[in-house]
Amino acid sequence: MELFETLKKVTLDSYRIHHLVAIFSLVYVILKISKFIVKRNEWIRALETFPGPPKHWFFGHVREFKQDGNDMYKVVKWGESYPLAFQMWFGPFVSILNIHHPDYVKTILASTEPKDDLSYRFLIPWIGDGLLVSKGQKWFRHRRLLTPGFHYDVLKPYVKMMADSAKTMLDKWETHSKSDESFELFEHVSLMTLDSIMKCAFSSNTNCQTVRGGESGTNSYIKAVYELSDLVNVRLRTFPYHSEWIFQLSPHGYKYRKACNVAHSHTEEIIRKRKEALKDEKELGRIQAKRNLDFLDILLCARDEDQQGLSDEAIRAEVDTFMFEGHDTTASGISWTLYSLACNPEHQQICREEVISALEGRDTMEWEDLSKIPYTTMCIKESLRLYPPVPGMSRKITKPMTFFDGRTVPAGCLVGTSIFGIHRNATVWENPNAFDPLRFLPKNSAKRSPHAFVPFSAGPRNCIGQNFAMNEMKVVVAQTLKRYQLTEDPMKKPKMIPRLVLRSLNGIHVKIKPVDLEP
């Protein structure tokens, strides 16, 4: 009987505890929602001078984006109705001021305001707090320490390595050149740019383009990058996933952690091998006497004015950042450029003749050739305008910001720059959807705002690796045109989709034929 009474008391106490926990949880949720509602009303008032397209009270504009290949054009269309900038809502509580005009983007990009703490926060478990997402003194110090890694003298030897990687890819394309069928090129280009970044930045010959598994694009690192890019996008678009614990407990969170482990294993192995190789060498001069310096040498040996280097955690973050930024964005730029030239055979032929003249009988590009292909360079820039590898970016401002027309946004506002929107803005570019490389003749560029074309961003937080990327694009495009004629497949037009970089839902397909078989 006494045991029964004890059990009864324990049960009642347990019930009361659970009851209290439920009450406190409910109160917490109510207070949290109330806080969000107050914040939402504050942002509605703060952005009232920036009207935007009609939104759903709960979903905001999320359901307007169907992930069907037309979302990018929708933003451009909205821009026609709301000049300069307009507000967009992701769910009921997250608002972003979307800017799509050079005069507005100039103000935000001239600042050192940090990246937003929403979408970029979702990248940190993957790429760490590296140059892409860090802020303040940490960003400034890392930028200063890493800048020597992109000096002219460091970049120059990379051209031969890029040319070798491109040749390996083009050799693999021989099979496709004998077929009348189109093939998907983004995966091939991704493997090739990964091969290049490994050779150039990390002095590592992985043979990832030719080893078993690389042929079909199943390289584990490439697959991990694709999956991580998709999962970051899913998380951004799914409001409950903005909560760390909800995302971590979800199937998507599990996949994200698994893919992160694959990516981190890849970069940790690179760092481990280099540290082992450099254990007796601490000075760049002594290393350079033996071989060309690379990005990882400079990263490991970098010292500030107090002779302090980067921590192991910081080194891995910068390697993860550069591994992703250095291969995936460039792969997007090259793939869309080749597609653009496939769709515009007259410009393709002018480029080919220019390249053949510059190479003087050689098959591969050299450093001196990069300045000999101005028309090809203009075509690359025009493709970057139409298909920017990074279609948008976002900052969270730390103090009120006033734009040229007098409108102001308060501290804490998320300001998104639609690079795609700026590049397709009809008030800035005549006939913006047409492929016209002559826009980039010096006399025509001089008539435009320097912020009308920002594929690598601009200002103090511009892309540190933009010269590396442009050099690789020139090398790969030139060698491809020297060897193959490209034509589009009208039955497989790409459907643009913004992930971390600009991709296509159904891939990017082209047909190729050897140049010497042209009629």
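The following legends describe close-up views of a predicted model.

**View 1. Salt bridge between Asp-195 and Lys-199 in helix α9**. The closest N and O atoms of Asp-195 and Lys-199 are 3.6 Å apart. The two residues are separated by about one helical turn, because they stand four residues apart in helix α9 (residues 186–202). Both Asp-195 and Lys-199 are buried. In the whole structure, the search finds 29 salt bridges.

**View 2. Salt bridge between Glu-366 and Arg-362**. The side chains of this pair meet with an N to O distance of 3.8 Å. Glu-366 has a relative accessible area of 37% and is therefore partly exposed. Arg-362, with a relative accessible area of 25%, is likewise partly exposed.

**View 3. Salt bridge between Arg-439 and Glu-382**. Here the side chains meet at 2.9 Å, N to O. Arg-439 belongs to the loop between α18 (419–423) and α19 (442–445), whereas Glu-382 belongs to helix α17 (residues 374–386), so the pair ties together parts that are 57 residues apart in sequence. Arg-439 counts as buried because its relative accessibility is 8%, under the 20% cut-off. Glu-382 is also buried, its relative accessible area being 0%.

**View 4. Salt-bridge network of Lys-167, Asp-171, Glu-174 and Arg-483**. Side chains of opposite charge can pair when their charged atoms come close.

**View 5. Nonpolar surface patch formed by Trp-57, Phe-58 and Phe-59**. The three residues make a patch of about 340 Å². Trp-57 is located in the loop between α1 (2–46) and α2 (71–81). With a relative accessible area of 63%, Trp-57 is exposed, since the value is over the 50% cut-off.

**View 6. Open three-stranded sheet with the order β3-β11-β8**. The pairing in this sheet is antiparallel. Strands β3 (183–184) and β8 (484–488) form the edges, each pairing on one side only.

**View 7. Pairing of strands β8 and β11, with helix α15 across them**. Strand β8 and strand β11 (residues 509–514) run antiparallel and are joined by five bridges. Gln-485 stands opposite Lys-513 in β11. Helix α15 (residues 312–343) lies across both β8 and β11, and the helix runs at about 80 degrees to β8.

Conventions. Residues are numbered from 1 along each chain as its sequence is written. This is a predicted model: local features need pLDDT of at least 70, side-chain atom pairs count only at pLDDT 80 or more; totals for chains, interfaces and linings use all residues. Side-chain values use heavy atoms; hydrogens and water are left out. A salt bridge is a side-chain nitrogen of Lys or Arg within 4 Å of a carboxyl oxygen of Asp or Glu. Buried means under 20% relative accessible area, exposed over 50%, partly exposed in between (1.4 Å probe, protein chains only). Patches are made of residues with over 30% relative accessible area and no salt bridge: like charges are joined within 9 Å, nonpolar side chains (Val, Leu, Ile, Met, Phe, Trp, Tyr) within 5 Å. Accessible areas come from the Shrake-Rupley method with a 1.4 Å probe; for residues, only the protein chains shown count as cover. Two strands pair if DSSP finds at least two bridges between them. Contact means heavy atoms within 4.5 Å. Axes are lines fitted to C-alpha atoms, for helices over the stretch in contact, and angles run from 0 to 180 degrees between N-to-C directions.
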